[in-house]
Amino acid sequence: MFAAGYAACFEGALGVAARQAKVKLEGVTVEAFIGFGKAEDGGYGISADLHVNIPGVEQAQAEQLVEAAHGICPYSRATKGNIEVTLNTTTNA
């Protein structure tokens, strides 16, 4: 449930970031993979691995949009400093 919510929220935030940058997006996909494991303090924690594909834009611009979305997305903001989030950006058609 967390993965589905995070992916959907992040896609919405990506749309906001694209509109702010005046970039039209089509065919975007966002997948969230949630991991569980031991934390450094001996307890347990989770991690999030986001795979964002933005076809039709240059890699550098796609990465900028993903970083901007990461700052906008409520899930990203809520987890900041609490869990490790990895962003993977591609531009495959």
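**From one residue to the whole chain**

Reader: Is Lys 22 buried or exposed?
Author: The relative accessible area of Lys 22 is 75%. A residue counts as buried under 20%, as exposed over 50% and as partly exposed in between, with a 1.4 Å probe and protein chains only. Lys 22 is therefore exposed.

Reader: What kind of model is this, and what is left out of side-chain values?
Author: This is a predicted model, in which local features need pLDDT of at least 70, side-chain atom pairs count only at pLDDT 80 or more, and totals for chains, interfaces and linings use all residues. Residues are numbered from 1 along each chain as its sequence is written, and side-chain values use heavy atoms, leaving out hydrogens and water.

Reader: Where does Lys 22 lie, and what is its phi?
Author: Lys 22 belongs to the loop between α1 and β1. Its phi is positive although the residue is not glycine, with a value near 60°.

Reader: In what order do the elements of the chain run?
Author: The chain holds three helices and three strands. These are DSSP runs numbered from the N terminus: helices are H or I with at least four residues, strands E with at least two. Read from the N terminus, the order is α-β-β-α-α-β.

Reader: Which element gives the largest share of the largest nonpolar core?
Author: This core has 23 residues, and those with the most contacts inside it are Tyr 6, Phe 10, Leu 14, Val 52, Ile 54 and Leu 65. A nonpolar core is a set of buried Ala, Val, Leu, Ile, Met, Phe, Trp, Tyr and Cys residues joined through side-chain atoms within 4.5 Å. Two or more residues come from each of α1 (2–20), β1 (29–38), β2 (44–53) and α2 (59–72). The largest share is eight residues, from α1.

Reader: Which residues does Tyr 6 contact beyond its neighbours within four places in sequence?
Author: Contact means heavy atoms within 4.5 Å. With those neighbours set aside, Tyr 6 is in contact with Ala 32, Ala 48, Leu 50, His 70, Cys 73, Tyr 75, Ser 76, Thr 79 and Val 85.

Reader: How far is Ala 62 from Thr 91 in space?
Author: Ala 62 is placed in helix α2 and is buried, its relative accessible area being 0%. Not counting residues up to four places away in sequence, Ala 62 touches Ile 54, Val 57, Thr 89 and Thr 91. Ala 62 and Thr 91 are 29 residues apart in sequence, whereas their C-alpha to C-alpha distance is 7.1 Å.

Reader: Is Thr 89 buried or exposed?
Author: Thr 89 is part of strand β3 (residues 84–90). Residues up to four places away in sequence aside, Thr 89 touches Val 52, Gln 59, Ala 62, Glu 63 and Val 66. With a relative accessible area of 16%, Thr 89 is buried.

Reader: How much of the chain counts as buried?
Author: The C-alpha trace spans about 45 × 25 × 25 Å along the principal axes of the chain. The chain has 93 residues, and the share that counts as buried is 32%.

Reader: What part of the contacts with a separation of 6 or more comes from residues 24 or more positions apart?
Author: The pair Ala 62 and Thr 91, 29 residues apart in sequence, touches. Over the chain, among contacts with a separation of 6 or more, residues 24 or more positions apart account for 67%.
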